[in-house]
Amino acid sequence: MLLEANHVSFRYGTEPWLFRHVDFKIKTGEIVGLVGPSGSGKTTFGRLLAGYETPHEGSITLDGSPVPSNRYHPIQLVFQHPEKAVNPRWKMRKIVNEGWEPDEALLEKLGIMQEWLERWPNELSGGELQRFCVARALGTNTRFLIADEMTTMLDAITQAQIWHAVLEIAEKRNMGVLVISHDHHLIHRLCTRIIEFKDLV
């Protein structure tokens with residue numbers, strides 16, 4: 001399966017173009033790194049790939065067709081700040097079951113304790129919350145995971161645990177993973193292909 005950006009351009013309102021005519025491809029089974037400084041547009045590009053924004057020019061396609069939106073989205077995005085990605089009025093069990101019902105083996109692999117499921121988001125640490133956000137994104141229909149600075153705010157041990165689980169699951173399911181980061185050390189450690197965002201724009 002191929003996720004592709006075709007001549008994509010984007011800007012906010014009447015501001016100058018953030019980027020123009022970007023072409024990009026990632027296949028299932030690939031772990032691709034996208035690096036660039038803050039403000040370069042790589043986060044917005046990730047949002048476009050996941051369907052959170054619509055390109056002003058060009059298109060995002062999955063195997064040459066528009067990305068389907070009438071079912072659980074095959075492209076999932078995990079944000080840098082998990083507290084902004086969850087509903088504070090929902091307990092964690094409802095949050096993680098929002099898109100699908102994960103099995104206990106996945107929760108265990110991500111280091112999620114069963115008692116956390118009955119807690120509110122403000123009762124968990126950032127690392128614990130991010131584990132839930134990753135679990136929610138790893139639905140059975142997910143074909144591509146976009147990790148936008150996914151573990152930047154976490155300690156080294158939590159980072160390693162989450163990435164170990166994600167890469168193991170990605171390999172097992174033949175998922176594609178796009179790692180968006182300014183951390184060159186992380187990118188070189190995880191990815192099989194690395195792209196400088198400035199080379200795309």
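**Entry 1: His73**

I began with His73, which touches Ala50, Val67 and Pro68, leaving aside residues up to four places away in sequence; contact here means heavy atoms within 4.5 Å. The model is predicted, so I note that local features need pLDDT of at least 70, that side-chain atom pairs count only at pLDDT 80 or more, and that totals for chains, interfaces and linings use all residues. Residues are numbered from 1 along each chain as its sequence is written, and side-chain values use heavy atoms, with hydrogens and water left out.

I placed His73 in the loop between strand 5 (65–66) and strand 6 (75–78). Helices (H or I, at least four residues) and strands (E, at least two) are DSSP runs, numbered from the N terminus. I then found that the side chain of His73 reaches the backbone oxygen of Ile75 at 3.0 Å. A polar contact of this kind is a pair of N or O atoms within 3.5 Å; within protein, one must be able to donate a hydrogen and the other to accept it, and residues adjacent in sequence count only if both atoms are side-chain atoms.

**Entry 2: aromatic rings**

I looked up the aromatic pairs and found 7 in the structure. Rings of Phe, Tyr and Trp (its six-membered ring) pair if their centres lie within 6.5 Å; planes under 30 degrees apart count as stacked, over 60 as edge-to-face and the rest as tilted.

I recorded Phe19 and Phe45 as an edge-to-face pair, 5.9 Å centre to centre with 85 degrees between the planes. Phe19 belongs to strand 2 (residues 19–27) and Phe45 to helix 1 (residues 42–50), so the pair ties together parts that are 26 residues apart in sequence. Phe19 is buried at a relative accessible area of 2%, and Phe45 is buried at 0%. For these labels, buried means under 20% relative accessible area, exposed over 50%, and partly exposed in between (1.4 Å probe, protein chains only).

Phe45 also pairs edge-to-face with Phe24, at 5.6 Å centre to centre and 90 degrees between the planes. Phe24 lies in strand 2 and Phe45 in helix 1, so this pair ties together parts that are 21 residues apart in sequence. Phe24 is buried, with a relative accessible area of 3%. I noted that ring pairs link Phe10, Tyr12, Phe19, Phe24, Phe45 and Phe197 into a cluster.

I next examined Trp17. Arg11 lies over the face of Trp17, 4.3 Å from the ring centre, and the charged end of Arg20 sits over the ring of Trp17, also 4.3 Å from its centre. A charge sits over a ring if NZ of Lys or CZ of Arg is within 6 Å of the ring centre and within 35 degrees of the ring normal.

**Entry 3: helix 5**

Helix 5 (residues 156–173) has 18 residues and reaches 26 Å from its first C-alpha to its last, close to the 26 Å expected at 1.5 Å a residue. The expected span is 1.5 Å times one less than the number of residues. I listed the buried residues of helix 5 as Thr158, Gln159, Ile162, Trp163, Ala165, Val166, Ile169 and Ala170. Seen down the helix axis, these buried residues fall within an arc of 160 degrees, so they line one face of helix 5; the arc is that of the directions from the helix axis to the C-beta atoms. On the other side of helix 5, Ala156, Ile157, His164, Glu171 and Lys172 are exposed.

I found that the buried residues of helix 5 pack against several elements, among them strand 3 (31–35), helix 3 (104–109) and helix 4 (126–137). At the start of helix 5, a side-chain oxygen of Asp155 comes within 3.1 Å of the backbone nitrogen of Ile157.

Asn174 lies in the loop between helix 5 and strand 8 and is partly exposed at 42% relative accessibility. Its phi is near 60 degrees, a positive value in a residue other than glycine. I also found a positive phi, of about 55 degrees, at His21, which is in strand 2 and partly exposed at 45%.

Met175 is in the loop between helix 5 and strand 8 and counts as buried at 1% relative accessibility. Met175 and Gly29 are 146 residues apart in sequence, yet 5.1 Å apart in space, C-alpha to C-alpha. Residues that Met175 touches include Thr28, Gly29, Glu30, Ile169 and Ala170.
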